[in-house]
Amino acid sequence: MTTRHSYGWIPYLAPSLILILAIAIWPLGYAAWLATHDFSPLLPFDPPFVGLGMFDLAFSEPRFWNGLRVTVILLVGGLLLQGSLALGLALLLARQDIVGRRLMMMIAFLPAFINPIATGYIFRLLFSPQGGPINAFLSIITRQDVSIDWIGEPTPAIIAVLIADTWQWTPFLTVIFLAGIINLRREPYEAARLDRASAWQVLRAITMPAIAALVVVMLVIRGIEIVKIFDTIFALTAGGPGTSTETLSFYAYQVGFKSFELSYAAAISWFLLVVVVIASLILFKTGARNLFRI
Amino acid sequence: MTISKTGPGVSSDTLNRLSDQLLEGKITRRQMLTNLAVAGMSLAAAGSFVNAVGSKRAAAAAMSNYKGVTLTLGQPGGKFGAFAYLEGADWAAQTGAKLNVVELPGGQMYEKVMAEFATGGKSFDMILMPFNQSADVVAGGFAEPLDDFIKAAPLDASYEGGGVEHASVLAPYRDQVIWSLDPKTMDPHIYHICFDGDNHQGFYRKDWWIKYGEEFEAAKGYKLEVDNPWFPATWKQYYEIAEFFNNREIDGQTVYGHHDINATVASTWHFLWRYTSYLKHGTDEQMRAGDVYFDSETMEPLINNEAGVRAMTELVEAASEKYSPPNAKSLNWGDLQEFWQSGRLNMGMTWPAMQKIAADPGRSKIPGGMASTGAFIIPGSDEVFDTASGSWVAQTDVRRRMPVSSWGWGWMIASTSKNKEAAYDLTRWMCTGDRRRSIELRQFAEFEMHHDWEFDDPQISEFYADANPSYFETQKQSVLLSVPDLHIPGQKQFYDAIIIRKGEALNGSKTPKEAVDAMAKDWNRIVKRRGKDSLKAWYEKKSQRYTLG
């Protein structure tokens, strides 16, 4: 039996393919070229091919490892915080007896509309060690004079970035999770009610497995965004104090756009890309099955 | 030329049309007078109006015709850019040119300008660039040398004489800061027209020093010398004054002894001027020519010597609550202004804008405004680290000061500009004469005097009358005694290393010694990356003066 190939799809898909090539593939390819050569517009020589030399340079640089450390801290902390908060809020809002649920959803979702740069500046004011509202609020609830230097000390600065990012993106996750929950079939819940299952048993045996795939996908997407985080850090801490909140993305910006070491910045970016792709594949393969095995 | 007010019975459109025609020479004064009278204006009013427009024509006749030319300016936005919209617009109206002003973030001029030029962009005809960050612009071949432009007229000529008042610029700027090296020949050329006499100097609440002078003298054994630009003479005195006033209740609020800028790019100099105060490297003349950053033979950084360690140690200590507001480690230039204008700060050191801020009724809560302020030159030290002997030696000259120039702005013309002559003409207009004076007198502007005539100008003197006798002398001496910023390719990266390592010392993740050692390591890496031989040649040549002959 012979198979007939149809090429009639080409004219229809060609424009999209060209666009994808131009916007995504070509820049990736150029970044790969940059990462394997030694190019800086500030240096007078023609860029030589250096193979993996830029990656060697990155791996021998303490600031690279610091950037990786900060990225992992924000990633793990962010996913735990945002994932658990969003899930909890979604479960709460999924209850039929919540008055004003729609209004609450609308208001809660507003932070997602705010530009991350604006979020960074807003939180910079909130966290200001000179009479900022957050220190004032903490002073009221603890009945002590709280004067944390959120921007000037390494640990508070990372916490500040986490809080700002969580405030901005938890509502987005909440809405997605909520949509998943309220669209689940009702029959298993009715059956569980008839069997007098407890709320925890319903959550563990019915709700969580049903939305596991959705949760994994959203956590992967959010994780990628956290790894790429730049604007909030730029406005809130500028990577400081010192390099305490300098993620790998921010470090790549510093070396690429302040020092114009474009090849080195490209190597860092490619490293991040490879790590994120591998991690995502692993999570997709195993996550849904294992993530909620309680 | 646009006229917004109309004469009696005459529309503004008619007035504008007739004015343009007169300025362009299409009609005579008599014809304009006749037209206005026919349109209904009284002869007296018409006569006055024609004379006003006609005198503009006389001034315009001294100016070149750049009709059809569009100049694109790259400059900081906000109040820094006001002059382009005022003085620049005036020039454009009289020459027929058009201005396209591109506003860039002031703290990111280097990144934005270099990204444009290094990627082959030709958007800008001229840029307002910090002097210290311009070496890469020059080394990349992106800036036009201005020597021939300047020499086309007498060096002391103002705009009307075809000049740019080059001779009257104070020598440290004129002969040290505004020139760089031709990237091909390594010959010195001028690449900037000086626009701002930035320097750092001290400021304090004179009213408090008077009020608490006796108490201070009883406690410390020496007077608070109000109106003396040379006091405090040493860093030791400075810290004692800061400690005395810190956390004191004055006028119903807690005030603070002093405030360093510890975050963002402005924080660099708070390390550097302590460092240069404690350093002896060759002669003072050699240091004031810029030879304080590297060993010029080996290009080994000098900044982690004992003067650098001491500077960093004191900087960290100065951020403590013994001297400063709480959480001083993260305070920036905006915080400094806020503390000062809210009347909660005794003293600090930064650009000379603090007197203008004190005088601004829209901002300042300082009673008495500028009259309650004083100024002083960055302190010195009674001992210095001598790099020749590797030891600390006594220093007895109470007037030995080494303040770093601390930034400064100048106009550069892009080498790719197709309108270099027009760009230079605009620069001359903005940087000289009445325009220069009006910028200085504008309260919201933060550009400082840098021509010698400005210090004798009656209007400027009257503006700052309340801040004198210390302010003018402080500012002038701070420039004359200044050590220039590092001004070689890679300067931005060298100074970024200072900011990062200083931040690590302040937050305790490194000791001061570890921080300056890490800084030196960063500098070594940058030198290696940029080419040691090339940077050595730059550093050696830039550690000299270049006088345009």
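Which residue stands opposite Val384(B) in E14(B)? The residue is Val393(B).

This is a predicted model, in which local features need pLDDT of at least 70, side-chain atom pairs count only at pLDDT 80 or more, and totals for chains, interfaces and linings use all residues. Residues are numbered from 1 along each chain as its sequence is written, and chains are lettered from A and ligands numbered from 1 in the order in which they are written.

**The three-stranded sheet of chain B**

Helices (H or I, at least four residues) and strands (E, at least two) are DSSP runs, numbered from the N terminus. Two strands pair if DSSP finds at least two bridges between them. In chain B, 3 strands form an open sheet with mixed pairing, in the order E10-E13-E14. Strands E10 (279-280) and E14 (391-394) of chain B are at the edges with a single partner strand each, so one side of each lacks a neighbour in the sheet. Strand E13 (residues 383-386) of chain B pairs with E14(B) in the antiparallel sense over 4 bridges.

**The five-stranded sheet of chain B**

Another open sheet in chain B has 5 strands in the order E2-E1-E3-E15-E6, with mixed pairing. Its edges are strand E2 (98-104) and strand E6 (193-194) of chain B, each with a single partner strand, so one side of each is left without a neighbour in the sheet. Strand E1 (residues 70-76) of chain B runs parallel to strand E3 (residues 126-130) of chain B, joined by 2 bridges. Gly74(B) has Ile127(B) in E3(B) as its bridge partner. Axes are lines fitted to C-alpha atoms, for helices over the stretch in contact, with angles from 0 to 180 degrees between N-to-C directions.

| Helix | Strands touched | Angle between directions |
|---|---|---|
| H4 of chain B (residues 82-95) | E1 and E2 of chain B | about 160 degrees with E2(B) |
| H5 of chain B (residues 109-118) | E1, E2 and E3 of chain B | about 140 degrees with E3(B) |

**Domains and their contact**

Chain B is divided into domain 1 (12-62), domain 2 (70-198 + 406-479) and domain 3 (201-404 + 485-542), with bounds from an automatic or database domain assignment. Taken over C-alpha atoms, the centres of domain 2 and domain 3 of chain B are 26 Å apart. Their contact takes 28 residues from domain 2 of chain B and 37 residues from domain 3 of chain B. On the domain 2 side, helix H6 (135-139) and helix H21 (470-480) of chain B each supply at least two residues, and H21(B) gives the most, with 7 residues.

**Nonpolar cores**

A nonpolar core is a set of buried Ala, Val, Leu, Ile, Met, Phe, Trp, Tyr and Cys residues joined through C-beta atoms within 7 Å; buried means that 20 or more other C-beta atoms lie within 10 Å of a residue's own, these atoms being placed from the backbone. The largest nonpolar core has 181 residues, of which Ala160(A), Ile268(A), Met126(B), Val137(B) and Met412(B) touch the most other members. Domain 2 and domain 3 of chain B both give residues to this core, so the core lies between them.

Definitions and conventions
Contact = placed C-beta atoms within 7 Å. Buried ≥ 20, exposed ≤ 12 C-beta atoms within 10 Å, placed from the backbone.
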